[in-house]
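Here's a quick tour of one structure, for reading with the model open beside you. We'll go from the core to a sheet and then to the aromatic rings.

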Amino acid sequence: MRLGALAALAGLLVACAADQTGSVLTPAVIKVPEQAPKTTGRTRSDEADHAKLVASFGGEYRAPAAHRLISEITDRLVRASDRPQESYAVTLLDSPVVNAFALPSGRLYVTRGLLALASDSSEVAAVLAHEIAHVTLRHATARSEMALRSQLVSRVVADVLNDPVTGAQLESQSKFTLARFSREQELEADTNGVRVLAQAGYDPFGAGRFLDALQRTMALKTGNGSAAEPDMLATHPATAERIALVTRAARRIGAPGLGTDDRAPYLAAIDGLAYGDNPGEGLVRGRRFLHPGLGIAFEVPDAFAIENTRNAVLGTTPEGSRRLLFDQVEASGDRSLEDVLRATWNDAIEAGSVENRIIGGRSAVTALSRGKDWTFRLAAVRMGETTYRMIMAAKGATDPEPAFRRWLESLRPIEPEEAAALKPAHLRIVTAAPGDTVEGLARRMSVPDRAVDRFLVLNGLQRGAAVKPGQGYKLVVE
């Protein structure tokens, strides 16, 4: 488990928590890894905050070719912007979520998940131009002092990293301006970004293509694309309005085909890029979750889609009527599992529902809790020296016990041979040969389901499109 998203719990479990009184649907405490300060002209405080932010996104991702390309794109955009004297230090984040953001201090962050989704340099440039525009247009300073506090950084530290003291300190500093921008500011940054994109020589239609790809990939993750997502849709909603706006802005500049997309050099730079979860922090394989480091695995019931975050594994059904959470609880071995369960759950546990059980040779305690709009099944399970918490919520009065029991009984240890056989997924760029088809290339993908849809989204293709011989395409392989 790792932090793959800033708003994972808020997004996927907010509906469950909303009808409770301070209910604790939150993951366990984690420790922020220490990182040595870098030798730059920035202050020690800047470097410490940078380290915390990088740690919250899984650390820095080392990919020299991709980093070099992103830095070149950034420099090109800045030279074409209204503040060409500025410079940005680019950091690639080891996170599969799709996100990017810029700080007025000269920090620019891009996740490997964003690089994997983009199909060419102009699409990445469109995202970076939008983020740089927020800084260039001084959106943060145009807002009131309270409104421009660092909502993103403080939420990472206070809520996700469970460090409210540092979170409060960051909230009192105005140098971070990652707060959710207003609708008007987002649209202004979109328009400005498209203009700078074209002035830098990139295809201005790249902005619309990327926003469309973002919506489509979110739809694949949620089943219907309507649920809140813990990545760019949390702070940069890719609405139809924004897609229409950037498309109109591009058309005012010229017809499609203007500028360059640098597709081939871009694909070459991301060939071999890690894709999806880091095996050392747990892997999602369809409905299965496997964590070699913790030595555990489980399988969720049918219809659940699960996502691995730093603090927890989260799951939801497509319509959002059922949700689940799995996390690790810090508890001493002499504390009873019932005490652990009650201490980590703020709502009332139904009288007589607490049950001590032995599941797969392991001690467990289960219980039932009923909120106003949701019914919860809870469990605390001890495996060796570690205690895990499992929560399943069903909307309404329906008890999710049958599905919850199957999930609980699926929790098991991973054998060393099984752990050793787990391989990380990565992108492989292949050149389409005569006779190749979308379906044929999609069959070579190591993905849990909907291979054709995932291939199309990953390569910026619409349904019914044909692959072009001699052109490069992204595949997800192990």
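This is a predicted model: local features need pLDDT of at least 70, side-chain atom pairs count only at pLDDT 80 or more; totals for chains, interfaces and linings use all residues.

As a rule, nonpolar side chains in soluble globular proteins tend to be buried together.

Take Leu-115 and skip its neighbours within four places in sequence: what is it in contact with? The list runs to Ala-66, Ile-70, Leu-92, Val-110, Val-124, Tyr-266, Ile-270 and Leu-273.

## A sheet with helices on it

Next up is an open sheet of 3 strands, in the order β1-β3-β2 and with mixed pairing. β1 (89–93) and β2 (100–103) are the edge strands, so called because each pairs on one side only. On average, and ignoring direction, neighbouring strands here are turned by 15° against each other.

β2 pairs with β3 (residues 107–111) in the antiparallel sense, over 4 bridges. Look for Leu-103 and you'll find it opposite Arg-107 in β3. Two helices pack on the sheet: α3 (residues 64–80) touches β1 and β3, with its direction at about 140° to that of β1, while α5 (residues 121–136) touches β2 and β3, running at about 30° to the direction of β2.

## Ring on ring

How many aromatic pairs turn up in a search of the whole structure? The count is 9. One of them is Phe-298 with Phe-326, a tilted pair at 4.7 Å centre to centre and 50° between the planes. This pair links distant parts of the chain, with Phe-298 in strand β6 (residues 296–299) and Phe-326 in strand β9 (residues 322–329), 28 residues apart. Both Phe-298 and Phe-326 are buried.

Trp-345 and Phe-376 make an edge-to-face pair, 5.0 Å centre to centre with 65° between the planes. Trp-345 sits in the loop between α13 (337–343) and β10 (355–359), and Phe-376 belongs to strand β12 (residues 374–383), 31 residues apart. Trp-345 and Phe-376 are buried as well. Ring pairs also join Phe-289, Phe-298, Phe-326, Tyr-388, Phe-404 and Trp-407 into a cluster.

## Charge over ring

Two arginines are worth a look here. Arg-76 has its charged end over the ring of Tyr-202, 3.9 Å from the ring centre. The charged end of Arg-112 sits over the ring of Tyr-61, 5.9 Å from its centre.

Notes:
Residues are numbered from 1 along each chain as its sequence is written. Side-chain values use heavy atoms; hydrogens and water are left out. Two strands pair if DSSP finds at least two bridges between them. Axes are lines fitted to C-alpha atoms, for helices over the stretch in contact, and angles run from 0 to 180 degrees between N-to-C directions. Contact means heavy atoms within 4.5 Å. Rings of Phe, Tyr and Trp (its six-membered ring) pair if their centres lie within 6.5 Å; planes under 30 degrees apart count as stacked, over 60 as edge-to-face and the rest as tilted. Buried means under 20% relative accessible area, exposed over 50%, partly exposed in between (1.4 Å probe, protein chains only). A charge sits over a ring if NZ of Lys or CZ of Arg is within 6 Å of the ring centre and within 35 degrees of the ring normal.
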